[in-house]
Amino acid sequence: MEALLALLSIAGAITLGAMSPGPSFVLVARTSAARSRGEGLAMALAMGVGGVIFAVLALLGVHVVLATVPLLYAVLKLAGGAYLVYLGWAMWRHAAAPLALKDAPASSRRSFWLGLVTQLSNPKTAVVYASIFVSLLPHEMPLWATFVLPVVIFCIEAGWYAIVALALSTPAPAAAYLRWKAWIDRAAGGVMGLLGLKLIYDAGR
């Protein structure tokens, strides 16, 4: 019973974290509206895989390494921040470029890898996962819970972003995106850049 309550508590905390706006949300939302439902769902799948990777790392105690080796954590922050700044700059740079959705070939594989790299680019997420696990997991983790937990995490992360992809790939949001593409892309790029700069700033503190 203790393990089950812990799993439910972790699921609730991770769900709230997944639903909070961040780089992953911005990327999935923009891709779903601008490209296609399939590419948005590919990114949702990537977010689920990224969540599983973070969960496994937390279970393995990687957070202890990050806590005891500040330099490594700082380097990861710098690398992740630089990637987000680059992604934001690329969005801003191409904001005014016209987009012909019908002529743009879908690439679910590319969207998957872009989504996964974006999800994993923020080492703070790994620390958040680790903190939640350390706070809520029982002292002795049953074997069944060790295997169930990553599955639950995958369902939460992939499920939430699949909802985002399905909602924003409908005709009305897609049409609104095309109408306001330049402003939306600049806003999305600005958010990405600011999040990246915050990571870089935190790395130097």
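A nonpolar core is taken here as a set of buried Ala, Val, Leu, Ile, Met, Phe, Trp, Tyr and Cys residues joined through side-chain atoms within 4.5 Å. In this predicted model, the largest such core holds 20 residues, of which Leu27, Val28, Leu87, Met91, Tyr161 and Met192 touch the most other members. Two or more residues come from each of helix 2 (23–34), helix 3 (37–60), helix 5 (70–93), helix 8 (143–168) and helix 10 (181–203), and helix 8 makes the greatest contribution, with five residues.

Helix 2 is made of twelve residues and spans 16 Å from its first C-alpha to its last, close to the 16 Å expected at 1.5 Å a residue. Ten of the twelve residues of helix 2 are buried, including Leu27, Val28 and Ser32. Leaving aside residues up to four places away in sequence, Val28 touches Gly40, Met43, Met47, Tyr161, Val164 and Ala165.

Serine 169 lies in the loop between helix 8 and helix 9 (171–179). Serine 169 counts as buried because its relative accessible area is 14%, and buried means under 20%. Its side chain reaches two backbone oxygens, as listed below.

| Side chain | Backbone oxygen | Distance |
|---|---|---|
| Serine 169 | Alanine 165 | 2.8 Å |
| Serine 169 | Leucine 166 | 3.3 Å |

With residues up to four places away in sequence not counted, serine 169 touches Ser32 and Arg37; Ser32 is itself one of the buried residues of helix 2.

Definitions and conventions: Residues numbered from 1 in each chain as written. Predicted model: local features only at pLDDT ≥ 70, side-chain atom pairs only at ≥ 80, totals over all residues. Heavy atoms only, no water. Buried < 20%, exposed > 50% of the residue type's maximum accessible area, 1.4 Å probe, protein only. Helix = DSSP H or I, 4+ residues; strand = E, 2+ residues; numbered from the N terminus. Contact = heavy atoms within 4.5 Å. Expected span 1.5 Å × (residues − 1). Polar contact = N/O pair within 3.5 Å; in protein donor to acceptor, adjacent residues only side chain to side chain.
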